Structures are given as C-alpha cells and as structure tokens.
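Here is a set of questions on ring contacts, helices and surface. Each answer works towards the value or name asked for.

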Amino acid sequence: MGDIMENPTALMGLLLQYLVGFVVFAVFIQLLFCYTIEVIADKQDLPAAWLAWVPLLQIYPVVKSGDGSMVQLLVLMLSLVAVILTGALLAPVLSPLVGVALVLGWSLWASVYFGRLLWNTATNRGLSGWVGLAVFLPLVGPFAYLYIAFHDGFTAPSKLGLALGIILYALPAVPMLRSDSELGQLSALGAQLGAGNDAAALQLLAQMGQAEGADPAELEQMLDQLRDLSGGGEAAPSAAPLPAGYDPESGFPVMDAFVCPDGARERGAAPPVGHERWCERQPSGLPAVRHGSYAAWHPNGSFREFGHFHEGQRDGVWTRWYESGGKRAQ
C-alpha cells in the first residue's frame, strides 16, 4: 500500500477501479429504490405507480402512499425558498439568528410533514407507524423502507417502469463506466511504466487491444511514446549523487563498467549494432533470467535506460532518459 500511496498514477488507477464499482452500485441502488416505491404504491392500488421510475415525478407515488397532498408539498417547497430569502434579507438588518430560527422552524415543519407521510405509509401497509418513522434512522432507514414494501412478498415491476428505469438510470451510466475503465487501464499502464515493468505494460496494451499484430520494434516505440507522454516534458537532472557505473561529468553510464556477474553471460549489443544490452544466466533446467547490468538505447543512439537486474528482478538505482538526452527519471 505504501508504494501505491507514493505513486500518484497507480493511486489514480486504484481510485478509478473503485469508481467503476461505485457507479454500478449506485445504479443498482437507484433502480431498487424506484422498484420499492412502485411496489408500495402498487400494493395500495394507487394510480400511476410507474411514475416511481421517473426522476422528480417519483415524489407523487411517495406522497400518495402516505395519504399526503401534492399541494401541501408544493407549499412546503415554496416556503423553503421564502425562508431562505427572508433570512438573507433580515440577517443584515436584525441578526443572523433570525435566519437560523427560520431554517430551524422550516426543518421542524418538514420533519412533521414527512414523518406523517412515512407513518401513514407504514400503517397503510398493515405495519406499525413506528416502522415508517424508522426510515429516518441512519443505516436502519433503507432496510425499514424495504421492509414496508416487501414484508408480504414481491411483485413484478411494471414493464413500462422497468424500461424507463433502464433508459433513465442504467444506459446513461454506460459511457461513464467505459470512460472510467479506460482511464483506469491507462493509469495502470502508466504505473507499470513508471515502475519499469515493461512486460506488465505490454500485457496491459494487449488487453486494451493496442498490441495485436505489432512487431517488437513497434511495441517498443509504443512504450517509448507512452513514457514520454506520462513524463509530461523533460525533467531536470536529479541532484542526487550518481551511483556507481556513471560518469560524474556527463551523467551517462560508463560502458566499461558493464559487468556480468559470475555465472551470467552478456547478451545483445550497443549501437550501432543493437539497441539493448544485458546480462543473463540460465539455471539448470530453468528459463534464462536477467542478472547483472542492463542498458538500452533510443533509435537515435542516445541512452534510454540503465540499471541492474538481480535474478530477473530490477534492483537498485535505475535511470531513464528522453530521446533528446535529458534525464527523465532516476
């Protein structure tokens, strides 16, 4: 977890993954809420129960289920506007406490109004009115409302209402889910590149459909472009002391210091023959693993990356450069 907190790109990817799950959960809760309102209204044989699936209009079956009046609700909402305007006008003249008193008075009125609605809704469904008031309780409230609707069984949602719910709630979330998923993949890709895990980055590219049919040179070019984009411009050279194997004047690796440990052999070649040079060893009966120094160059011959492997894992200090020669990260 500490590595994730120190890597903004990885953290963003993690947050986006949670965001996708949150959007799915929010759509599910909204559809369940609409279904619950419709069931309560339907079991009371109220007209237009399908309005429970329409935003704002769903207040109609809620009010009618509690024997409430839409006129009273309208007066309550308009009075809130009047309270806010009156408080704002009187507060500078009299006292800010006037506005506070008006808001508290309105809140008490609203609590009584909606409390009566919920009480009547519960009693109309053959339950104690206290079950309706339990909807006001934190955490307990949603379950109390579900109990009011489903304590005597389930009913099929109306086809019209379900279709409206899918159109109004589920379908608009699809582009958001797709966007969040793609952003999450890009963030994860950037995190892998930032950590130097090229193999994992290539795997993510393949999952995103970006690596199909590409040859190794094209894949390497993709990774370089993504690194440059994630770098956000050339970074200033690090003021940290250079580790062993670097020229203190130029800041570039000294290839004479490119040494393969005992049991490892040198592979690849430096420019102009090749663009990658590394050490590897092959344990008996096992695949070869990189072990020792590693260097890579851009197509123009400038250094791209330098570091060391230990038994196939990146170890110690690694440095990367832009194609122009500026240091990108260490």
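Q: How many aromatic pairs does a search of the whole structure find?
A: The model is predicted. The search covers the whole structure. The number of aromatic pairs found is ten.

Q: Are the rings of tyrosine 35 and phenylalanine 150 stacked, tilted or edge-to-face?
A: Their centres lie 5.4 Å apart, and their planes meet at 35 degrees. Stacked needs under 30 degrees, and edge-to-face needs over 60.

Q: How many residues apart are tyrosine 35 and phenylalanine 150?
A: Tyrosine 35 belongs to helix α2 (residues 8–43). Phenylalanine 150 belongs to helix α7 (residues 140–150). The pair links distant parts of the chain, and the separation is 115 residues.

Q: Are tyrosine 35 and phenylalanine 150 buried or exposed, and which residue joins them in a cluster?
A: Both tyrosine 35 and phenylalanine 150 are buried. Ring pairs link Tyr35 and Phe150 into a cluster with one further residue.

Q: Which class does the ring pair of tyrosine 113 and phenylalanine 114 fall into?
A: The ring centres are 5.1 Å apart. The planes stand at 85 degrees, and over 60 counts as edge-to-face. So the pair is edge-to-face.

Q: What is the relative accessible area of tyrosine 113, and what is that of phenylalanine 114?
A: Tyrosine 113 is buried, at 9%. Phenylalanine 114 is partly exposed, and its value is 28%.

Q: Which residue has its charged end over the ring of tryptophan 278, and which lies over the face of tryptophan 318?
A: Over tryptophan 278, the charged end is 4.7 Å from the ring centre and belongs to arginine 290. Over tryptophan 318, the distance to the ring centre is 4.1 Å, and the residue is arginine 314.

Q: What does helix α5 (residues 96–124) reach from its first C-alpha to its last?
A: The helix α5 has 29 residues. At 1.5 Å a residue, 42 Å is expected. The reach of α5 is close to that, at 42 Å.

Q: Which residue with a positive phi follows α5?
A: Buried residues of α5 include Trp106, Tyr113 and Leu118. After α5 comes a residue with phi near 80 degrees. It is glycine 126.

Q: What accessible area does the nonpolar patch with Leu168 have together?
A: Leucine 168 sits in helix α8 (residues 159–195). It is partly exposed, with a relative accessible area of 35%. Leu162, Ile166, Ile167, Leu168, Leu171 and Val174 form the patch on the surface, and together they have about 480 Å².

Note on methods:
Residues are numbered from 1 along each chain as its sequence is written. This is a predicted model: local features need pLDDT of at least 70, side-chain atom pairs count only at pLDDT 80 or more; totals for chains, interfaces and linings use all residues. Side-chain values use heavy atoms; hydrogens and water are left out. Rings of Phe, Tyr and Trp (its six-membered ring) pair if their centres lie within 6.5 Å; planes under 30 degrees apart count as stacked, over 60 as edge-to-face and the rest as tilted. Helices (H or I, at least four residues) and strands (E, at least two) are DSSP runs, numbered from the N terminus. Buried means under 20% relative accessible area, exposed over 50%, partly exposed in between (1.4 Å probe, protein chains only). A charge sits over a ring if NZ of Lys or CZ of Arg is within 6 Å of the ring centre and within 35 degrees of the ring normal. The expected span of a helix is 1.5 Å times one less than its number of residues. Patches are made of residues with over 30% relative accessible area and no salt bridge: like charges are joined within 9 Å, nonpolar side chains (Val, Leu, Ile, Met, Phe, Trp, Tyr) within 5 Å. Accessible areas come from the Shrake-Rupley method with a 1.4 Å probe; for residues, only the protein chains shown count as cover. A salt bridge is a side-chain nitrogen of Lys or Arg within 4 Å of a carboxyl oxygen of Asp or Glu.
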